[in-house]
Amino acid sequence: MEPLIPGYYYHIYNHSNGKENLFKEEKNYIFFLQKFKKHVIPVADICVYCIMPNHFHILIQIKDEDDILHLFADSLSWSKVLQTASISSKEEYISKYVSKQFSNLFSAYTQAYNGLYTRKGSLFIKNFKRKRIGDENYFIRLINYIHFNPVTHGFVNKPSQWKYSSYNAIVSKKPTQIKREQVLQWFGGLANFMYCHLRPMEL
């Protein structure tokens with residue numbers, strides 16, 4: 001499985017375990033984003049996202065090594081391990097730590113979802129998918145792909161109509177935790193960002 005290395009960008013995505021939806025109503029989407037903020041934002045910056053009824057796509061940048069190490073600096077066991085670890089071992093531990101944050105997100109959401117809808121068992125596919133991104137041209141196509149997902153699946157006619165994505169936060173001037181300026185920089189500004197979202201691109 002691809003390691004999650006500090007400083008790198010990743011396309012993260014996952015699907016429901018079976019045919020059941022992950023999100024049935026608006027409060028589900030809101031709760032998932034709250035849990036994402038709690039578990040993942042400390043270790044990764046979010047560039048764009050789109051949450052669909054039975055799957056989601058997120059483009060993130062893993063935070064710098066020092067920022068992540070600071071999160072468990074007070075943990076004696078982690079500190080001892082990292083003091084004696086080689087660079088490769090340190091990266092491995094950090095990657096596992098970041099992956100664990102995603103596991104905590106899925107677990108917390110599943111527990112609440114199961115309690116709310118009186119169900120049992122797993123909700124997400126066990127191993128979430130991750131793909132490291134390094135090509136700037138691919139960034140543009142991927143962001144377009146993520147924002148066009150609700151259109152592709154027939155829920156809306158254009159990206160701005162889907163409430164549970166980052167598109168409207170990026171075109172807005174309201175405060176956001178999304179890396180808006182970084183995203184707009186890849187597109188060369190807001191005007192080109194909006195122009196590039198007039199139609200879907202090929203990945």
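**Entry 1. Terms and model**

On a 1 Å grid over the protein atoms alone, a pocket is an open set of points where a 1.4 Å probe fits, with protein on both sides within 12 Å along at least five of seven lines, and its lining residues have an atom within 4 Å of a point. Grid points are joined across faces, edges and corners, and a volume is the space filled by probe spheres set on the points.

I noted that this is a predicted model, in which local features need pLDDT of at least 70 and side-chain atom pairs count only at pLDDT 80 or more, while totals for chains, interfaces and linings use all residues. Residues are numbered from 1 along each chain as its sequence is written, and side-chain values use heavy atoms, with hydrogens and water left out.

**Entry 2. The second largest pocket**

I looked up the second largest pocket and found about 200 Å³ of space in it. It is lined by 13 residues, and those closest to its centre are Ser103, Phe106, Ile125, Lys126 and Asn127. Helix α4 (residues 87-117) gives the largest share of this lining, four residues. Helices (H or I, at least four residues) and strands (E, at least two) are DSSP runs, numbered from the N terminus.

I then sorted the lining of the second largest pocket by class and recorded six nonpolar, five polar and two charged residues. Here Ala, Val, Leu, Ile, Met, Phe, Trp, Tyr, Cys and Pro count as nonpolar, Asp, Glu, Lys and Arg as charged, and the others, Gly among them, as polar.

**Entry 3. The largest pocket**

The largest pocket holds about 300 Å³ of space. I recorded 14 lining residues, of which Leu33, Tyr49, Thr176, Gln177 and Ile178 are the closest to the centre. Two or more lining residues come from each of α1 (26-39), β2 (44-51) and α6 (167-171). The largest share, three residues, belongs to α1. By class, I noted eight nonpolar, four polar and two charged residues in this lining.

**Entry 4. Tyr164**

I next looked up Tyr164, which is placed in the loop between α5 and α6. Is Tyr164 buried or exposed? Tyr164 counts as buried because its relative accessibility is 13%; buried means under 20% relative accessible area, exposed over 50%, and partly exposed in between (1.4 Å probe, protein chains only).

Tyr164 touches Glu26, Tyr29, Tyr49, Cys50 and Ile51, not counting residues up to four places away in sequence. Contact means heavy atoms within 4.5 Å. I also noted that Tyr164 and Leu33 are 131 residues apart in sequence, yet their C-alpha atoms are 9.3 Å apart in space.

In soluble globular proteins, nonpolar side chains tend to be buried together.

For Ile12, I left aside neighbours within four places in sequence; the contacts then include Phe56, Ile58, Ile60 and Phe102.

**Entry 5. His55 and Asn149**

His55 lies in strand β3 (residues 55-62), and Asn149 lies in helix α5 (residues 136-152). Both are buried: His55 has a relative accessible area of 9%, and Asn149 has one of 2%.

Which side chains are joined to His55 by a polar contact? I found one of 2.8 Å with Asn54 and one of 2.8 Å with Asn149. A polar contact is a pair of N or O atoms within 3.5 Å; within protein, one must be able to donate a hydrogen and the other to accept it, and residues adjacent in sequence count only if both atoms are side-chain atoms.

Beyond four places in sequence, Asn149 touches Cys50, Met52, His55 and His57.

Thr118 is placed in the loop between α4 and β4 (129-133). I noted a positive phi of about 50° for Thr118, although it is not a glycine. Most residues other than glycine have a negative phi. Thr118 is exposed, with a relative accessible area of 73%.

Leu71 lies in helix α2 (residues 65-71) and is partly exposed at 37%. Leaving aside neighbours within four places in sequence, I recorded contacts of Leu71 with Pro42, Val43 and Tyr97.
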